[in-house]
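Subject: the two-chain model

Hi,

Here is the structure I promised to pass on. Have it open while you read, and my notes follow below.

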Amino acid sequence: MSEEMRRDARIYLLGEEVAQYNGAYKVSRGMLDEFGPRRVIDMPISESGFAGMAIGSAMMGLRPIVEFMSWSFSLVAADPILNNAPKMLYMSGGQFGCPIVFRGNDGAGGQLGSTHSWCVEGLYSNVPGLKIAIPSNPYDAKGLMKTAIRDDDPVFFLESERLLSIKGEVPEEEYTIPFGKAAIRREGTDCTIVSWGRPVHFAMEAAETLAKEGISCEVIDGRTIRPMDWTTIFASVRKTNACVVVDQSWSFASPGSEVAAQVSEHCFDDLDHPVLRVHSDDVPAPYAQNLEQEMLPNPRKIIAAVKKVTYRA
Amino acid sequence: MPTKTVFTAEIQYLSILNEHGKFDAKLGKDVIPDKDLLVLYEHMVRCRYLDEVAFKLQRSGRMGTYPQNMGQEATSLGAAYALNKDDWLVPCYRENCGLFYRGLPMEYILLHWMGDERGNAIPRELYCTPLAIPIGTQMLHATGLAWASKYRGEKRIACTFFGDGATSEGDFHEAANFAANLDIPVIFFCQNNFWAISVPGKIQCSAPTVAQRGLAYGMDCFQCDGNDIFAVVKTVRDAAKYARAKSRPVFIEAVTYRLGDHTTADDARRYRDQAEVDMWKQRDPILRVRQLLKERKLWNDSKEAALKEKVEKEVHAAVERAEGIAAPSRNDFFDHMYAELPEDLRLQRDTMQTHSLGEVLEESGVRSQESGG
């Protein structure tokens, strides 16, 4: 964000505690010092308010980055982020775009309880007019964030509290990662595992275990949900002839179901087994640590699904 | 320690040309020169006639739901006149007169209510945002627009319009809170027409004025006779001067009345007393200006007849232009979904399949047909 803000004076950051406190999760550390209170702005506890205000300023040509302390809190801003931002360009006949990045932590964060553990991609990916990026590692976080900020449409950038502490190589130099371009995290021949965001790590863990049992998995990290990189996914399934989708949202009408549907439609003759999905169980995120792990997609569930589609169960 | 008063406030109500046509020469001095008053009068008459025609278009199936402006012409018009040409007008949906004064051709409004998004493609140089049909959302947008002006070091302010009912929405309270706390030059212009569709003002706000809602957020608040174009112009002009100079928000409550139904989908006779409507008809913003113009020897019946003929011609020409615009095609609705159309939406458009990705272009033959034809 700071690199982009140095490059483009139209960009500013607003949200709860983003300035003085350096962000509730210290994501904006040092930004107030560098850019001052004009461009890094603390907001009252009023998500609908500052989301709506960001829309107005974007219509005037600014490029706001709106931090939701948690995407769970974006639910009270549903009207501006779903009913205004993704439709403004359409409803104004092309006159007013909304180049806004809405960002924050998404998904179960580690015993935050059910009201603070929303996987909003399950809800929001249904809405056209917006884009959704969901990085799984620090390298992607930088490259996708730069693309998100430069994008002329509203982008929902879903971070994960659980991934904030992971380490990875991030080059100092400039790079961007295009939207709709998946990464193959692990090559394999027996089964394609499609995932994005935090569950990619569960998929990698499962693939590691399965490799020891002689099952070779190809793990695809979608990186963005809207747009989705169908080309990479279909090509992989045509090679492995089996597919498991791992998605941390609830299963009903989720991005994971969309992948299952598209793969079934486009790779029907290539599949040796119907596509299986691994989701969070249909209960609110539990507070208890053991139950939270149990509710989320986890390596155990993924391994079971892969064994089923590869007839190794 | 005895108790002490820590806050007192009062709300000033301004009236210059009252409902009986009496003009306060002192307060009204230099508010609107006669030549401009003639222009404003013409705008109100034209807007009123458009209302009549639009109502008939809806009843005869040539237009969708339409909200008549009747009775409220002076509010948005007075504001548009008092503001700079490049200050933002951020309307809800009953501000035709102000939008037309700003320069929006009538066919845009007609096209919009005929159900065509292109009616909302308001030219950027007019500094008007699209009509906002959900109640209250535009107040936050206005606050953001004015915030962006301040950010860029411009002197542009924003004026957003809404009704008494919208002040019950959280959006109003959040926008007011931001504007006041962040020193944003935005005018909150409430058109208190006493009815939120069928819900009377008393249920929206039990305080004696809507204006005092702004006091709670620490902004200056004023009330004026919204059917008095002079009072509206003076109030908005003073508010704009203050907002621009001090970079502060202002709340204005213009007391007016919706003489027509909420929209053509409503029948106000079911919930309003005819006596109340009749009383407000006497307070019509157009009547009192006509009377004043006549008193000043600027107007007479033959001028009135000529004006009627002129606006009829203009309105019917606008209807013709709006109806002459070909309906949008299915392909068009993908045009403004994204700055650049993503691949999956492009496939939906090109294959006419919305239920899924559809076929790839080569397989469905769409691409070869297109290149062949």
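I197(B) sits in the loop between β5 (195–196) and β6 (199–200) of chain B; helices (H or I, at least four residues) and strands (E, at least two) are DSSP runs, numbered from the N terminus. The phi of I197(B) is near 50°, a positive value in a residue other than glycine. With 40% relative accessibility, I197(B) counts as partly exposed. On that scale, buried means under 20% relative accessible area, exposed over 50%, and partly exposed in between (1.4 Å probe, protein chains only).

Before going on, some ground rules: this is a predicted model, where local features need pLDDT of at least 70 and side-chain atom pairs count only at pLDDT 80 or more, while totals for chains, interfaces and linings use all residues. Residues are numbered from 1 along each chain as its sequence is written, chains are lettered from A and ligands numbered from 1 in the order in which they are written, and side-chain values use heavy atoms, with hydrogens and water left out.

Back to the backbone. Most residues other than glycine have a negative phi, and most peptide bonds are trans. Chain A has something to show on both counts. E17(A) is not a glycine, yet its phi is positive, at about 65°. You'll find E17(A) in the loop between β1 (11–15) and α2 (31–35) of chain A, and its 33% relative accessibility makes it partly exposed. Then there is the cis peptide bond that joins R226(A) and P227(A), with omega about 0°. P227(A) belongs to the loop between β10 (224–226) and α9 (230–240).

Now chain A as a whole. It has 12 helices and 12 strands. Its radius of gyration is 20 Å, close to the 20 Å that the globule rule gives for 313 residues, so chain A is as compact as a globular protein of that length. (That radius is taken over C-alpha atoms, and the rule is 2.2 Å times the number of residues to the power 0.38.) Along the principal axes, the C-alpha trace of chain A spans about 60 × 45 × 40 Å. Of its 313 residues, 61% are buried. Take the contacts in chain A (heavy atoms within 4.5 Å) with a separation of 6 or more: 79% of them are between residues 24 or more positions apart.

Leaving aside neighbours within four places in sequence, E294(A) is in contact with D281(A), R300(A) and K301(A).

Chain B has 15 helices and eight strands. Its radius of gyration is 23 Å, close to the 21 Å from the globule rule for 373 residues, so chain B too is as compact as a globular protein of that length. Its C-alpha atoms fill a box of roughly 80 × 65 × 45 Å along the principal axes. Buried residues make up 55% of the 373 in chain B, and residues 24 or more positions apart account for 72% of its contacts with a separation of 6 or more.

Is E304(B) buried or exposed? At 19% relative accessibility, it counts as buried. E304(B) is in helix α12 (residues 301–324) and touches Y41(B), R290(B) and W299(B), not counting residues up to four places away in sequence. D116(B) is buried as well, with a relative accessible area of 7%. This one lies in the loop between α4 (106–113) and α5 (137–151), and beyond its neighbours within four places in sequence D116(B) is in contact with L111(B) and P328(B).

Last, how do the chains meet? The contact takes 46 residues from chain A and 39 residues from chain B. About 3800 Å² is buried between the two chains, with 63% of that from carbon and sulfur atoms; buried area here is the accessible area (1.4 Å probe) that two parts lose on being put together, summed over both. M53(A), M60(A) and Y90(A) supply 20% of the area that chain A buries against chain B, more than any other three residues.
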